[in-house]
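Dear colleague,

Please find the structure below, handed over for your work.

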Amino acid sequence: MSSGYTAHRPNELHQNETVDAQAKRESAGMPATAKEESSGNLPVTKQEENKDRTPKKGRICGGSFLKELSGSESDNPEEGPLKEVDIDMPLTLTEVTHKDGQEYIVLKFVDGDKENPFNWSFGRKAFITLLLCLMTLFIGLATTAYSSGISSMVDDLGVSNELGQLGLFCFNFACAIAPLFLAPFCELVGRRVIYVGAYACFVIVFIGLALGRNIATILVMRTLSGLFGCVGTILVGGTFSDIYRPDHRAGPMACFSYVAILGTVGAPIYAGFINETIGWRWIEGIQGLANLPLLAIICLGLRETRGGVALHKRAKALRQATGDERYKALMDLEAKNIKEMLHNSSVKAVHMLVTEPVVFAFGLWIAFAWCVTFLFLSVIPITFQEKRGWSEGVAGLPYISLCIGVTIGFAMNFLQIRKYKQIMKARDRKILPESRLYGAMFGAGFLPLGLFIYSFTQYGYLPWIAPTIALAPIAIGIFFIFESTYSFTSDCYGENSSSAIAGQGLMRNTLGGVAPLFASQFFHNVGSQYAGLILAIFGTLLTFIPFVMFKYGHKLRERSKLANSQLGGDEQKDKTGLYPAPFI
């Protein structure tokens with residue numbers, strides 16, 4: 001998904017025309033701020049006749065904002081003449097452009113404009129980042145907390161355990177499919193309304209999950225929970241691109257990835273105790289109640305982050321005040337039709353997954369990591385409940401090791417961020433998408449290492465601490481796989497990265513949803529040790545992906561029609577940022 005139509009971008013709509021209207025006015029002794037420039041009292045036909053008098057570049061301001069302008073701001077020949085209007089209008093840059101044979105006056109932010117999200121204070125940006133990370137954390141917790149109550153739920157409802165496991169599949173499958181079709185609509189209406197609406201529906205669904213009287217109701221509610229949960233999070237990457245410039249985006253995105261994985265692996269720590277004390281329904285009920293305060297804060301405190309929305313409102317106000325329909329925000333001119341947007345988010349996403357080696361390789365890698373995550377929802381109870389006789393609540397405590405591992409991976413990832421910034425600043429080094437892979441080459445090997453250790457420490461006669469410690473490197477590896485997949489894919493495919501990441505998300509969530517359906521049978525029939533060994537061997541083979549891409553990635557990009565423009569160098573430094581496309 002696009003990260004928002006950033007109408008603040010300078011000098012991207014230059015035209016090869018010359019305009020001498022300002023010179024004529026000055027030679028006639030008329031100030032650039034003369035009221036006659038305003039078209040507010042002119043009929044539309046008169047404006048059409050005088051289009052050639054519109055300066056190519058200019059500024060517009062009105063009302064109380066006009067009084068606040070200093071002398072230097074009101075007279076700036078480099079930015080063009082100042083036009084006054086009779087409505088409250090912050091100082092805004094204008095530029096004449098043409099599209100499809102029509103002339104438009106495009107509005108842009110001036111430097112330091114307070115409505116430009118890039119200029120918001122650090123505190124406001126941090127507050128928005130905190131809200132979105134907390135929302136992501138709660139959605140991640142809801143994904144897997146359900147698994148701790150499956151055994152009690154199926155006994156209560158009188159259905160098989162496989163039907164109970166379908167709830168995990170329904171949630172993940174909704175997360176896999178929904179973004180392919182809903183992402184374009186999210187882009188059309190702005191970010192805030194999607195966040196508030198989707199998260200409110202996500203909270204309401206907990207009522208159905210807590211009170212459902214049959215398995216059909218539970219499965220439908222889980223599907224809706226996945227639907228609204230994924231809609232609430234697919235915009236986070238784009239939101240951070242709205243408010244953080246590329247060289248400041250890596251930290252917030254790393255925090256987002258961290259809480260997304262932390263919530264997914266951390267829920268069984270408390271959910272098992274809730275289930276064995278007050279029942280499976282309260283797992284859903286308590287989570288629903290816990291989400292209410294955050295929902296209230298988001299409704300009251302989350303602002304619209306797309307700068308293009310503010311410019312769109314200014315353009316609409318100018319059209320109404322002046323009658324001149326040429327005033328537009330850049331997002332209005334760049335808006336694509338629904339058919340094209342749906343094609344990019346669905347058909348193009350699947351096509352890139354199948355035809356682009358980079359997209360498929362990293363998609364397979366991250367899908368395997370997500371598969372391991374959901375497999376261990378069944379594996380850990382086998383290891384600690386069945387083989388060691390622990391209670392359900394106590395058997396959830398080893399998940400703490402996964403949380404510690406994710407935290408260590410998050411901290412270690414800042415070494416990758418520091419390395420990337422050093423390359424950006426270096427004059428003698430050419431920055432490439434492969435510059436994102438240092439962390440992956442270092443950290444991804446922890447996943448198979450942890451799997452190997454876990455495979456041969458599951459025996460009941462061995463100390464419990466051995467398999468518990470093995471969980472930490474597994475989580476470290478999963479975190480680095482996520483980070484490298486989205487950052488490398490984004491840098492490789494530029495404006496096509498949204499479709500590429502949507503395809504990877506489809507593979508990841510589908511495999512993650514299928515994994516719980518066969519996890520118990522796989523580990524019981526093959527044997528826990530050998531099942532773990534098979535995963536470790538496969539994970540070892542996939543660990544070579546970042547090394548292969550680091551050496552041959554430039555050749556793959558040269559052969560790709562969708563990635564051959566991402567050749568690195570100064571242009572890459574200007575465009576760089578940690579995957580502005582959505583984390584789906």
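**Aromatic pairs and a loop threonine**

Phe169 is partly exposed, since its relative accessible area is 21%; here buried means under 20% relative accessible area, exposed over 50%, and partly exposed in between, with a 1.4 Å probe and protein chains only. Please note that this is a predicted model, in which local features need pLDDT of at least 70 and side-chain atom pairs count only at pLDDT 80 or more, while totals for chains, interfaces and linings use all residues. Residues are numbered from 1 along each chain as its sequence is written, and side-chain values use heavy atoms, with hydrogens and water left out.

Phe173 is likewise partly exposed, at a relative accessible area of 36%. Both Phe169 and Phe173 belong to helix α7 (residues 161-189), where four residues, about one turn of the helix, separate them. Helices (H or I, at least four residues) are DSSP runs numbered from the N terminus.

Rings of Phe, Tyr and Trp (its six-membered ring) pair if their centres lie within 6.5 Å; planes under 30 degrees apart count as stacked, over 60 as edge-to-face and the rest as tilted. By this rule the model holds 23 aromatic pairs. Phe169 and Phe173 form a stacked one, with 5.3 Å from centre to centre and 15 degrees between the planes.

A second stacked pair is formed by Tyr258 and Phe410, at 4.7 Å centre to centre and 20 degrees between the planes. Tyr258 lies in helix α11 (residues 250-266) and Phe410 in helix α19 (residues 399-425), so this pair ties together parts that are 152 residues apart in sequence. Tyr258 is buried, with a relative accessible area of 17%, and Phe410 also counts as buried, at 15%. Ring pairs join Tyr258 and Phe410 with Phe414, Phe442, Phe446, Phe479 and Phe480 in a cluster.

Two charges sit over rings, a term that requires NZ of Lys or CZ of Arg within 6 Å of the ring centre and within 35 degrees of the ring normal. Arg222 lies over the face of Tyr146, 4.3 Å from the ring centre. Lys419 lies over the face of Tyr438, at 5.1 Å from the ring centre.

Finally, Thr457 is found in the loop between α21 (446-455) and α22 (465-493). Its relative accessibility of 12% means that Thr457 counts as buried. Beyond neighbours within four places in sequence, Thr457 is in contact (heavy atoms within 4.5 Å) with Arg388, Leu462, Ala466 and Pro467.

With kind regards

Notes:
Helices (H or I, at least four residues) and strands (E, at least two) are DSSP runs, numbered from the N terminus.
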